[in-house]
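Please look over the sequence and the model below before reading on. The paragraphs that follow lead from the surface to the helices and then to the aromatic rings.

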Amino acid sequence: KERPHRVWKQWYQRRVRGNTSASNTNVNLPAIWFTIIATYSMWPLLQKDELEIMYIASMGVFLTLTCIVLRNQETSIHLLRVFLFSLLGCAVIHGLEVFVEPPSRYPHLWPTLCSAYSSVHFGLFFCYYNYLQIQ
């Protein structure tokens with residue numbers, strides 16, 4: 001008798017992913033990446049509403065699930081490195097906000113940097129998904 005997770009995995013490969021060739025396996029990573037950056041871009045607003053703990057908890061759970069999903073996929077090493085470098089940038093900006101006091105001349109430096117970093121990502125995602133539609 002087949003185990004339920006194997007049946008589910010086979011159904012998922014046939015129905016959702018279609019074919020399991022290497023060209024189709026990178027489709028999920030940009031969507032996950034977009035979700036993480038979209039949540040990260042809300043950080044200044046979540047701080048104003050005092051929802052930092054919920055942000056940290058939900059991002060921790062989501063990143064854990066992302067690691068589990070990516071471990072079970074064939075993802076190109078180049079795309080994975082760019083993804084991790086992008087997450088490292090988010091972590092560095094968070095770290096700067098916690099450990100480095102902004103200059104008195106620019107009191108909103110860290111929220112502005114967070115917004116600019118997210119905006120660059122959104123522009124790149126816009127180009128990427130338009131490219132996928134044109135193909």
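Which residues form a nonpolar patch on the surface? In this predicted model, where local features need pLDDT of at least 70, side-chain atom pairs count only at pLDDT 80 or more, and totals for chains, interfaces and linings use all residues, the patch consists of Phe34, Tyr128, Tyr129, Tyr131 and Leu132, with about 450 Å² of accessible area together. Residues are numbered from 1 along each chain as its sequence is written, and side-chain values use heavy atoms, with hydrogens and water left out. Accessible areas come from the Shrake-Rupley method with a 1.4 Å probe, and for residues only the protein chains shown count as cover.

Tyr131 has its place in helix α6, and, at a relative accessible area of 48%, Tyr131 is partly exposed, a class that lies between buried (under 20% relative accessible area) and exposed (over 50%), with a 1.4 Å probe and protein chains only.

The chain as a whole has 6 helices and 0 strands, where helices (H or I, at least four residues) and strands (E, at least two) are DSSP runs numbered from the N terminus. Buried residues make up 26% of the 135 residues in the chain, and the accessible surface comes to about 9,900 Å², of which 66% belongs to carbon and sulfur atoms. Of the contacts (heavy atoms within 4.5 Å) in the chain with a separation of 6 or more, 70% are between residues 24 or more positions apart.

Helix α5, residues 77-99, has 23 residues that should span 33 Å at 1.5 Å a residue, and its end C-alpha atoms are 32 Å apart, which agrees; the expected span is 1.5 Å times one less than the number of residues. Its buried residues are Leu79, Phe83, Ser86, Leu87, Gly89, Cys90, Ile93, His94 and Glu97, and what covers them includes α2 (28-41), α3 (43-48), α4 (52-71) and α6. One of these buried residues, Ser86, has a relative accessible area of 3%. Leaving aside neighbours within four places in sequence, Ser86 is in contact with Trp33, Ile37, Tyr117 and His121; Ser86 and Ile37 are 49 residues apart in sequence, with their C-alpha atoms 8.9 Å apart in space.

Helix α2, with 14 residues, reaches 20 Å from its first C-alpha to its last, close to the 20 Å expected at 1.5 Å a residue. Its buried residues, among them Trp33, Ile36 and Ile37, pack against α3, α4, α5 and α6. Helix α6, with 26 residues, reaches 38 Å between its first and last C-alpha, close to the 38 Å expected. In α6, Trp110, Cys114, Ser118, His121 and Phe125 are buried, and their cover includes α2, α3 and α5.

How many aromatic pairs does a search of the whole structure find? The search finds 7. Among them, Trp43 and Tyr55 have ring centres 4.7 Å apart and planes at 45 degrees, so the pair is tilted. This pair links distant parts of the chain, with Trp43 in helix α3 and Tyr55 in helix α4, 12 residues apart. Trp43 counts as buried at 8% relative accessibility, and Tyr55 is buried at 7%. Tyr128 and Tyr129 also form an aromatic pair, edge-to-face, with 5.2 Å centre to centre and 70 degrees between the planes. Rings of Phe, Tyr and Trp (its six-membered ring) pair if their centres lie within 6.5 Å, and planes under 30 degrees apart count as stacked, over 60 as edge-to-face and the rest as tilted. Tyr128 is partly exposed, with a relative accessible area of 32%, and Tyr129 is partly exposed at 31%. Ring pairs also link Trp33, Phe34, Phe83, Phe122 and Phe125 into a cluster.

Finally, Glu50 is found in the loop between α3 and α4. Its phi is near 60 degrees, a positive value in a residue other than glycine, and Glu50 counts as exposed, with 64% relative accessibility.

Conventions:
Patch = residues over 30% accessible without salt bridge, like charges linked within 9 Å, V, L, I, M, F, W, Y side chains within 5 Å. Salt bridge = Lys/Arg side-chain N within 4 Å of Asp/Glu carboxyl O.
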